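Thanks for coming. I will go through one structure, starting with chain B and then turning to chain A. Please have the display open while I talk.

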Amino acid sequence: MQTGAPFSFERFTFPDLKTLLAKASPLRSGDLLAGLAASSDEERVAARFALADVPLKQLLSEALVPYEDDDVTRMIIDDHDADAFAPVSSMTVGDFRNWLLTDDATPEALKHLAPGLTPEMVAAVSKLMRNQDLIAVAKKCHVVTAFRNTIGLPGHLSVRLQPNHPTDDPAGVAASILDGLMHGSGDAVIGINPATDSPEAMIELLKLIDEVRERIDIPTQSCVLAHVTTAIDVMARNAPVDLVFQSIAGTQKANESFGITQAMLAEAEDAAKGLKRGTVGHNVMYFETGQGAALSADAHEGIDQQTVEARAYAVARKYSPLLVNTVVGFIGPEYLFDGKQITRAGLEDHFCGKLLGVPMGCDVCYTNHAEADQDDMDNLLTLLGVAGCNFVIGVPGADDIMLNYQSTSFHDAMYLRSVLGLQPAPEFAAWLRKMEILDQNGRTRPQLDGQAAQNLLAWSGAA
Amino acid sequence: MSNLTNKKIPSGLDPWNTLRAHTDARIGLGRVGDGLPTERLLEFQMAHARARDSVHMAFEPNSVRDQLDGLDHTILDVHSAAPDRPTYLQRPDLGRLLDEDSVAALGKHAGDFDVAFILADGLSARATHDHAANTLKLILDHLGESWSVAPITLATQSRVGLGDEIGAALGAKLTVMLIGERPGLSSADSLGCYLTWGPRRGRSNADRNCVSNIRPAGLTPKKAAKKIAYLMVESRKMGLSGVALKDNSSNPELIEG
């Protein structure tokens, strides 16, 4: 499917689409590590000029990894909706950016367009966009999903409550769940990364969350983030599985390194839907991704870090997930070096996911060997709030004592809801009011000595 | 949660404080509006500062050398192909290769050894400064006379894979690398140990055994040394390391055996 014609701008030439996309990408350490980055700032902008003239159709017809070699490519091409694509099918990448920013690109138009877009198209246009463009367009993309509550409505922000514990100690996990609920977190999901990926450990944690959810009637969903095969196993044993989790990436080879196939994901989605545990909706999958994942598995197929990340969203999209988030700074400085690179990547990932119709959230995070700190996280968190991000992560004090990295805290989510006037998922907000956690103005101001709070405390004592 | 702005609960009698006993997670921090109370904010900043300082602290091989004074072993300094910390952090591939001088230096000491010990900075020079020499001495105490030990190397700007190059250059059957781990917010001085049978370029993590979280507040150097010595004995017996080598060191019968 290669046309063979090189791309050029002034004295610069780019032999193929893969190279052009890589060279046009904003600077990041992962592309330098892979030897794919532009060799100068001038070459980078020249690549963007050349990319702006590429027809969107060419991004559909020239596969970055051959169709016969890669099941992600096959999924992208086989599932492409030509009718949905029609309104923009004659545009170049540069035209597409212009159009996305106009008032013609309404939320309704973007929603209908999504199935006609491919990861390569959205990645390409993102490379021509400034941060404010990424924010402005993403804000127009409303992707709403539901299980026991409704996530992604404009003007709302949900939070995954992440109560991890280094040994999965039930009392320790319960204490963190309680702390999060009292801070208004947990409407996206109460989601635990287990220290041990075993069916027994998964069942125990699922039962723990399910008990508190039922006892105090919380309109939210639970997830234990074990491997998809573990989830399939415990569903067969009638464990209370709400959402099935899996890490995914943008090439077949990278997904194989995670030990997954498309058939496994389809089987898991069917099984979870069959349990009929959702009340207001039936989105049952939860996926995590992150720039650098494919390269770190040596499975990036020569594609730049940002484009191959966008391909993971095509995988996600197929299984109608409730939640998808990029774990944007987790992987380390060899992929995203500093706060600037992490910020850019977070905005790109959110934009690309939303444009493809994926319910995008973000784990705004960093490790201690990256050039980043809480101020950088505050900045990205605020920008994503402005961009209409579906959900963020809430970890006690932003310090994940199991995974050893810093994410955002329950307090951070409260800050973001306050400064931007964002509300929790409607069903969850009603519950928070009933529990005297939200005050009459919709702020999180829990009554610690109220009867509702005492009931919660009593539960945790029993856990 | 005595600061949780509910004036009706007297400080010290806040029932939510009891939750903190169940986890090291930062729960019950209190609030000022939506934000963190000043003391909690600064506690976090201090923890992060310590972790960052550990990552960026320059490795001082001589301070480790001094701590090894009295051991009857040659000690060599080696350096990876990553010339400085910024390069090291962005180019893990260079941290796995030796620089030219180190290749030459190791070549002069090549032989046929049972084991090569490598003390390496990794992502926390502080962990290596504080715990590596002590842990090594404790391991040596567990080993009998039957082990021929290669010169001990002190490796700067090193990744785990650098041990494969060093072990191969020295002609060692097994490498035991003590290396600073990526610091967590509450564990800036954590040391890791990697055992690799048949070290050579291209070994993967599945070929290694890892003993993690070695620090006084985690797995103590004394307990770690016992575990590592056990794994060394088993590795030599079985002629392998990695997923096929299980750590049964907590089984007393096996240790005696």
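Chain B has eight helices and six strands, where helices (H or I, at least four residues) and strands (E, at least two) are DSSP runs numbered from the N terminus. Before going on: this is a predicted model, in which local features need pLDDT of at least 70, side-chain atom pairs count only at pLDDT 80 or more, and totals for chains, interfaces and linings use all residues. Residues are numbered from 1 along each chain as its sequence is written, and chains are lettered from A and ligands numbered from 1 in the order in which they are written.

Along the sequence, the pattern of chain B reads α-α-β-α-α-β-α-β-α-β-β-β-α-α. Its C-alpha atoms fill a box of roughly 75 × 45 × 35 Å along the principal axes. Of the 257 residues in chain B, 47% are buried. Buried means that 20 or more other C-beta atoms lie within 10 Å of the residue's own; exposed means 12 or fewer, partly exposed is in between, and C-beta atoms are placed from the backbone.

Now the sheet of chain B. What is the order of its six strands? The order is E1-E3-E2-E4-E5-E6, in an open sheet with mixed pairing; two strands pair if DSSP finds at least two bridges between them. Strand E1 (75-79) and strand E6 (208-214) of chain B are the edges, each pairing on one side only. On average, neighbouring strands are turned by 20° against each other, direction ignored. Axes here are lines fitted to C-alpha atoms, for helices over the stretch in contact, and angles run from 0 to 180 degrees between N-to-C directions.

Strands E4 (172-180) and E5 (191-197) of chain B pair in the antiparallel sense over seven bridges. One detail there is that B:Ile179 has B:Gly192 in E5(B) as its bridge partner. Helix H6 (162-170) of chain B packs on the sheet and touches E1, E2 (113-120), E3 (152-156), E4 and E5 of chain B. The direction of H6(B) makes about 140° with that of E2(B). Contact means C-beta atoms, placed from the backbone, within 7 Å.

Next, the contact between the chains. It takes 34 residues from chain B and 32 residues from chain A. On the chain B side, helix H1 (38-56) and helix H3 (85-90) each supply at least two residues. The largest share, five residues, comes from H1(B).

Chain A is divided into domain 1 (7-134) and domain 2 (145-434), with bounds from an automatic or database domain assignment. The domain centres, taken over C-alpha atoms, are 26 Å apart. Their contact takes 31 residues from domain 1 of chain A and 36 residues from domain 2 of chain A.

Which residues touch the most other members of the largest nonpolar core? Of its 164 residues, they are A:Val244, A:Tyr286 and A:Val392. Both domains of chain A give residues to this core, so it lies between them. A nonpolar core is a set of buried Ala, Val, Leu, Ile, Met, Phe, Trp, Tyr and Cys residues joined through C-beta atoms within 7 Å. Leaving aside neighbours within four places in sequence, A:Val392 is in contact with residues including A:Val159, A:Leu381 and A:Ala413. Another core, of 48 residues, lies apart, with B:Leu98 and B:Val115 among them.

Last, helix H17 (305-318) of chain A has 13 of its 14 residues buried, so it is largely enclosed by the rest of the structure. A:Ser320 follows H17(A) and has a positive phi, near 40°.

Methods:
Contact = placed C-beta atoms within 7 Å.
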